[in-house]
Structure formats: structure tokens, C-alpha cells
Amino acid sequence: MDLPTQDRQEKAGSTSQLLHPTWHTKSRTGELAKKTISDHNLILYSLWTNNTPRTNNANHHTRKFATQVGNWCLFQQNVTQHKQNWDDLVSTPATKKLDTAITTFWNDPEGINKVCFPPFSPKFKYVPWWSPQLNTLRKQVNALKRRAKRCKNPVLKDLCSNRYKEHKNIYKTEILKAKQDSWKEFCTKNARSSPWKVYKMSKADFTRQTVPSSLTLPNGSVTTSAKETANALLYKFLPDHHIALDSAQQKNIRTKVSGSETPAAQTALNFRDYEVTEVIEKLKNKKCPGQDGIDGTIVKGLHRILPTLWSTLFNTCFKLGCFPKVWKRARVIPIPKTDKRKLHTVQGYRGISLLSIPGKCLEKLVIGRLNHFLESTEQIPPQQYGFTAGRSTADAINTVIEPSCRGRKIGLKCGLLALDIEGAFDNAWHPGILARLWELKCPKNIYCMVKDFLKDRTT
């Protein structure tokens, strides 16, 4: 008997749903609860497909492209084809056009990377001491184990079992030797530059700790959802400053720096080609990139193919005092602190902001110009040891130890008062930074670049 058109379609759909291997189920009991006199409720299952590709939820990387196995010849060809268009975009003289041009320019490398490089798929189970020889030994041991189990002859079974045990002992010995050699090599290589990496590796428990979905806030309340927890952590890492709470002095400072005036008429020199090359070549290939997924290897590749591209782009930004918005986007990752007693509170985590690689290069170049201005005008006090070239924490410690040693030699007592500001950088007041640059008569392009860098940032 033929069914009506609608019934035939429903029946065909039900059959295809049951045969489809990727359908998911959803139960519905309310609608049919009143249609039966049984003590049990009927359950209706609605089936639907999920065409969205599965993603690895444990992947917290921003790296998108596996550049180590990419087609660099094709990458060079595509980059060369875009050379003229990119040169026209990055040479835009207007500030508003520059921001739009860089956003357009930054979308082109992402399309090129998708064609030239496969997607990056991290493997968390990395074993540095594993080798092809150990892989061969493992296959031999597994084959002898299967042969000893399947052998029916008692005499041959004993021979196979003895041979399996012999190769198993050799396999264990080689594994232990490989682990020890790898650890010795690691300690020898890293202890030459700094012993702290070896110390951290020895102290760490090598376990991945995830942020719980519920955390205790400073006021004693508890978050009730993952989104609320994320907002609480973000507010703790990057607290807001409420303009309504400004004092009269702060209001005057904010009004002063919010205008279009600059503290000085002179401008700092443009970046030289060798300065840009030095900053780019010092990029670490294994550093995690920003949200765009373009790592240091790709930035270096672009620089080798088009040597003047980054210099022209950075100098245009520096001349106009414009920091591109596409490089102001940060992805914040919460990192657990060592004190495990605080892991259930927001104070037990610190935030790491992953920023775009070219934006970080532009930051370093601007900081170099700012440091040169401060040193040339002798604005850095001699008591400052942090963020000063040629000085370190060892110099600060010696400054404290020397007078105390002299006092003890003549029988005096020495006291030390130490102050620590919690979250000093997280709570830095941006108008205060700009006001300080204004007082120092900072060059026009440096001041405008810092001012633009501090506004309209997103996380």
C-alpha cells in the first residue's frame, strides 16, 4: 500500500536517521506523557546530525599552522605576488586609512598560510628520549610475546618465553639508558646559560591543571558558572578603572592627556632597517603566537622574502602615532600559581596575555626609542635597577648588602624596610603614564604611539 507523500518522506527520513552513524539523540517525555495509560512514560527520541567538525577541547594553543612541514616554495610565490599590493597598503599616509589597510593586509597572510601549511595539531605526549632504535626493540619484544603465547609445543614455548624475557630485559635497560642520557644532555645544555630551567623541571610535577568552573571571589562569594568564573579572572588580571571615582587631580590629568595636543614638537628618528632585522631575527620560533596564529617563523619568512616590508610598515605606524587595532587583541590564559591552597580562589592564578608577533616587534622598537630618549636626557634615576640596560637584580642586592656590611663591621645594627605593591602593572593608571611622558617632554611620535597603544585594547 502506498503512503501519502508526507508520510513517505517522514518514513524515509526516519530510516536514514537510524542508519546514519553520526546522529545524536535527544529525549522528549512531556508531549507523550498523557497519551498512554501505562505506569511508564513514553520516550520519544529526535535524531539530528552534527555537521560541525570535532575539535580537541584540550587544545589551548593559538598556533594554527604547522610551519615545520609547510610548502615554503609556494609560500614565497604567493607572497611575491602580493608584494605590490602590500606596499601600497602599508604606505598609506592617513591614520584612519592605515588602520583599515593593515587590517586588510593582515588577512592576506592568513589565507596564504592556509594554502601553504597544514593545520597545527599539538601532541601533548612528547617523549624527548624516544628513538627509532627503541621503537624497533619494542616491536621485537611484542612479536616475541605473541609468539610465546601462541606456541603449542611445550619445548618451543619454553624457548620462546626465555627469548622474550631476554629481549624484554634488554629493552628495559635501553629505555633506562636513554632516559639518563637525555636528562644529562638537558642539564648540560641548559645549566650553561641558566640553572633555573633545570630547577623548575625538577620541581614540577608535569601535570596539567585546569581552572575549576567555580572560584571564590575576594568578597567571599562563589562563582556559579564557567562564564562567571572567566569574567572574575579577567577582572582580576585586568581590573577596570571607574572614571566616576576620580579625584579632582585625576580629572585634571585625564582632561590634559585626552586632548590632541602633544608635549613636544620634536620627533624621534625612524627605525633603521638593521634595527628591524635584529628584532625580527631574535624572535623565538616556539613562542606561542597571538589570536591570529601567525608565529615567529612566518614573520621571519615574510622578512626574508620582502626585506623592506616590516620597516616600511613600522615606520608608517611610528610616523602617524598609530598602533593597529588588529594587533591589540589579546588572548588571556590563566596559569595556576605554586601555592595550591589558593587554587580555589581567583588569587591563585596569574594571567598570560598572548599577543600578535608583529605587534610585539613594534613594541620593542618603540621601547628602544623611548629608552634612548630617557637615557640621553638623564631622566632615569640611578636608584632604578629594573628595566634598565646594564643593570640587574644582582646590582640591587649588592647595593643593599654593602652598607649593611660596613655597618656591622663598626658594630651598628641594620634594618631593612621592603614594600611590595600587589598587581602593580595590572593596576597601572594609563592617564598617569601619559602625564609622566608629558612632564618629560617626550617626542611627539613616541607619545602618540604610547597613547594609541593604551586605548581600545580587547581581550
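**Ground rules.** I worked with a predicted model, in which local features need pLDDT of at least 70 and side-chain atom pairs count only at pLDDT 80 or more, while totals for chains, interfaces and linings use all residues. I number residues from 1 along each chain as its sequence is written, and side-chain values use heavy atoms, with hydrogens and water left out.

**Whole chain.** I looked up the secondary structure and found 16 helices and four strands, where helices (H or I, at least four residues) and strands (E, at least two) are DSSP runs numbered from the N terminus. Of the 459 residues, 28% count as buried, a label that stands for under 20% relative accessible area, with exposed meaning over 50% and partly exposed lying in between (1.4 Å probe, protein chains only). The chain exposes about 32100 Å², and carbon and sulfur atoms supply 55% of that area, as computed by the Shrake-Rupley method with a 1.4 Å probe. I then turned to contacts (heavy atoms within 4.5 Å): among those with a separation of 6 or more, residues 24 or more positions apart account for 69%.

**Positive patch.** I noted that K145, K149, K168 and K172 form a positive surface patch. Its members must have over 30% relative accessible area and no salt bridge, and like charges are joined within 9 Å; a salt bridge would be a side-chain nitrogen of Lys or Arg within 4 Å of a carboxyl oxygen of Asp or Glu. Lys and Arg count as positive, and the charge of Lys is placed at NZ. Helices α5 (132-150) and α6 (154-191) each supply at least two residues of the patch. I checked K145, which sits in α5, and it counts as partly exposed because its relative accessibility is 36%.

**Strand β4.** I found G351 in strand β4 (residues 349-354), and with 34% relative accessibility G351 is also partly exposed. Leaving aside residues up to four places away in sequence, G351 touches F237, V332 and I333. The C-alpha atoms of G351 and P334 are separated by 4.6 Å, although these residues are 17 residues apart along the chain.

**Loop between α13 and α14.** I looked up E378, which lies in the loop between α13 (357-376) and α14 (393-409), and its phi is near 55 degrees, a positive value in a residue other than glycine. E378 is exposed, with a relative accessible area of 71%. F387 is placed in the loop between α13 and α14, has a positive phi near 55 degrees, and counts as exposed at 71% relative accessibility.

Note on methods:
Patch = residues over 30% accessible without salt bridge, like charges linked within 9 Å, V, L, I, M, F, W, Y side chains within 5 Å.
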